[in-house]
Amino acid sequence: MMILLSRRLRAVPSILFLLAVVSLACASNDSSSPIDPARAGVVASWDSGSLGLEEIEQALSTSVLETCRKARRQGGLENLIPCYRELSEALVLERLVLADVADLAEATRRVEGFGQLEREALLGLFLSQVRTEISIEPAEIERHFEADPERFRQPRAVELSTLFRRHENPSQPEATLAYLEDLKRRFEAGASFSALSRSHSHSETRSRGGEVGSVSEFDLPPRLAQVAFSLEVGEVSDPVLVRNGAILLHVRGARAAVEPSLSSAELEIRRELLRERIRSIVSEHTKDLTPPAGSTVLTSGELSTAVEAGVPDRMVLEVEGDSLDLAALHRLAGIGNPGRALTEAQFGQLEAEYRHQIERRLLGLELVRSPPPDLSEAAFERVRRNAIDRLVDDRVQEALDLRLDETVLQEYYADNRLHYQSPLRLELRLWSLPFGDDPPAQLRQMEQFRADLIGHRRTLDEAVQRLGGVVRELGWRTIQELPSDIPPKARTYLAEAASTGYSVPYQQAEELHLFVIDARQDPLPLPYGEVKEEVRSDYLRRFHHQLYREMLDERLAARSFQFHETALHDLLIPSGDRDPTAVR
């Protein structure tokens, strides 16, 4: 039956497709009978099976392949053909992998994290059902808006990229400015700002091509905000001197300020109210449940201690193998990265998110123990599908691992030795001075004493005796090991400091602070044996597509894979409208 092209781009439920994949994984066609693709509606074939158009279409709507995303966005035969080809290859590989599994049901149950997949499936279906039963009335949205309309004001913003260069010689900042002026000329001549940033920036944003993201005029220091918001979209600023170096700003996009209005805030308010209702329902369902023995659940005090320590990969929650680290908790709570001091309100927000994550895990366990009848069958199919996907991914990854040659890995390590280094370590002291009656005057005095310290005209003891305050001995620390109350700007200064010395004074929590860098241990290359697994992981990530393509081509060629492009063209275009030269 001919299916209209517009229908091919609709979302198609994939449960039936999953069942087809599982059954066909264990079945095979009679290879003695030649396939006539034009008559049989076959899009792809191999030595023991074939794929029809309908099977490809069922997989199309859920495919994450970039070619298929493009096809869904843009349509058109020129986009569909590459999508169908790549999707056919992926589906055939999946069937070949599954055909090698002796007991598919047992293999899926043994997939790592199967229990978590089961809990997530039931919980996801339960929350979807709850979501459809919640009604948010317009009057409630209006009341929510009128309670604090200023909260929904959106300041103007720009999509910003940067390129920072540290002074090679702090006494000659003009050299840094000249360097950046040359890079700006290269940009104006057609060079990519992203490529320039990756090659020349000293900032950590170089790994993202300099991309900072969307920033409002209140997110930047006033001087940089003035420069950024004076640029047209696509322009690059002149070099701007900043602490320790100079910077280029590139505006990739802009958004005008949005005055608060009910219409512009309605969607955000609806989402907030819906989230609150769902969380209330989850709390009600779990109020009498307790974590199973062996779980890791922190008290409020223990959570506060973990937040103060600021170790991103510190596990703060674990229930039946479902864990959460501090960095993930910060992301879920929407309050930035660990390692900085939180206000009381921010910690309250973080703690509320933590309690919700506990409740989600308890509800998932309860749903597994007593699944609602209307959810169990759908949840089983979702778990089965996800487990099969993970099983196939694991087997493909194993095949890619086997393709890695030790010599290739050592060459990759030698070419990228600077990426495998010990961390920068600094021996630090921190001078902290409480605010007095005139903080600006204190800041000026501390800056003057810093100049005297740099010029060896005074000692730190003399400065402290004169101005007051205390000096903390921090000892040897990496940037990651600094106390959690050290703000990002101070961490950045220490990371970018070119030598020992004294930091620029900074203000925090009604105190002035100044770092003393007494000594430093620069990063040193680590031996290959110590970082071998990291090198392997990096190599696989960087060359994954190439290794996958080589492995795929070999496996498909060994099984006589064919993609029948002409037959697909005939199926997609009715014969009366066909252009015989369009696809051949």
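Mentor: Start with the whole chain. Buried residues make up 40% of its 584 residues. Keep in mind that this is a predicted model. The chain has 24 helices and 15 strands. Its C-alpha trace spans about 95 × 60 × 55 Å along the principal axes. Take the contacts with a separation of 6 or more: 71% of them join residues 24 or more positions apart.

Three strands form it, in the order 2-1-15. The sheet is open, and the pairing is antiparallel. Strand 2 (49–52) and strand 15 (562–563) are the edge strands, each pairing on one side only. In general, strands of a sheet pair through backbone hydrogen bonds, either parallel or antiparallel.

Look at the pairing of strand 1 with strand 2. Strand 1 covers residues 42–46, and four bridges join it to strand 2. The two strands run antiparallel. They form a hairpin, with two residues between them. V42 has G52 as its partner in strand 2. S45 has S50 as its partner there.

Next, helix 4. This helix, residues 53–60, packs on the sheet. It touches strand 1 and strand 2. Its direction makes about 65 degrees with that of strand 2. Helix 4 is mostly covered, with seven of its eight residues buried. The buried residues are L53, E55, I56, E57, Q58, A59 and L60. Note that E55 and E57 are on that list.

Which way do the residues of strand 2 point? G49 and L51 point one way, while S50 and G52 point the other way. All four residues, G49, S50, L51 and G52, are buried. The general rule is that side chains in a regular strand alternate between the two faces of the sheet.

Strand 8 covers residues 315–319, and four of its five residues are buried. Four bridges join strand 8 to strand 9 (residues 322–325), and the strands run antiparallel. V319 has D322 as its bridge partner in strand 9. Two residues lie between the strands of this hairpin.

Then a loop. P260 is found between strand 6 (245–255) and helix 13 (262–286). Leave out residues up to four places away in sequence, and P260 touches F145, P149, E150, F152 and R153. For a sense of distance, take P260 and E427. They are 167 residues apart in sequence and 50 Å apart in space, C-alpha to C-alpha.

Finish with the surface and charge of the chain. The accessible surface comes to about 32,100 Å². Carbon and sulfur atoms account for 49% of that area. The chain has 71 positive and 94 negative charges. The mean positions of the two sets are 2 Å apart.

Notes. Residues numbered from 1 in each chain as written. Predicted model: local features only at pLDDT ≥ 70, side-chain atom pairs only at ≥ 80, totals over all residues. Heavy atoms only, no water. Buried < 20%, exposed > 50% of the residue type's maximum accessible area, 1.4 Å probe, protein only. Contact = heavy atoms within 4.5 Å. Areas by Shrake-Rupley, 256 points an atom, 1.4 Å probe, with all protein chains shown as cover. Lys, Arg positive; Asp, Glu negative; His and termini not counted. Charge placed at Lys NZ, Arg CZ, Asp CG, Glu CD. Pairing = 2+ DSSP bridges. Axes fitted to C-alpha atoms, helices over the stretch in contact; angles between N-to-C directions.
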